[in-house]
Amino acid sequence: MKSVQFLIKTILSALIIAGVSEIAKKFNFLAALLASLPLTSILAFFWLYRETRDLSKIQNLSWSIFWLI
């Protein structure tokens, strides 16, 4: 089960990166907008919650991200 989740995470991340690079070929501004969104953080929150159902872990991660930015 964990290997399937890891595979899904990897494919989703690769699709986002490939999508942004393809969009950049025609629409630089839109690609820049998508690339600048905190997609990594949002995906990390989603996967962490889905796997643990622990809101305190999400809160700690978001607080750490805030201070690192």
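Which side chain meets Lys9 in a salt bridge? The partner is Glu51, with N and O 2.5 Å apart. A salt bridge here is a side-chain nitrogen of Lys or Arg within 4 Å of a carboxyl oxygen of Asp or Glu. Lys9 lies in helix α1 (residues 2-24) and Glu51 in helix α3 (residues 39-52), so the pair ties together parts that are 42 residues apart in sequence.

The model is predicted: local features need pLDDT of at least 70, side-chain atom pairs count only at pLDDT 80 or more, and totals for chains, interfaces and linings use all residues. Residues are numbered from 1 along each chain as its sequence is written, and side-chain values use heavy atoms, with hydrogens and water left out.

The chain contains four helices and zero strands. Its elements run α-α-α-α from the N terminus on. Helices (H or I, at least four residues) and strands (E, at least two) are DSSP runs, numbered from the N terminus.

The C-alpha atoms fill a box of roughly 40 × 30 × 15 Å, taken along the principal axes. The radius of gyration of the chain is 14 Å, whereas a compact globule of 69 residues would have one near 11 Å. This radius is taken over C-alpha atoms, and the globule rule is 2.2 Å times the number of residues to the power 0.38.

Buried residues make up 10% of the 69 residues in the chain. Buried means under 20% relative accessible area, exposed over 50%, and partly exposed in between (1.4 Å probe, protein chains only). The accessible surface of the chain comes to about 5,800 Å². Carbon and sulfur atoms account for 72% of that surface. Accessible areas come from the Shrake-Rupley method with a 1.4 Å probe; for residues, only the protein chains shown count as cover.

The structure holds two salt bridges. Lys9 has a relative accessible area of 23%, and Glu51 has 39%. The other pair joins Lys25 and Glu22, whose closest N and O atoms are 2.9 Å apart. Lys25 counts as exposed, at 63% relative accessibility. Glu22 is partly exposed, at 46%.

Gly19 also lies in helix α1. This glycine is partly exposed, with a relative accessible area of 27%. Gly19 and Leu34 are 15 residues apart in sequence. In space, their C-alpha atoms are 9.4 Å apart.
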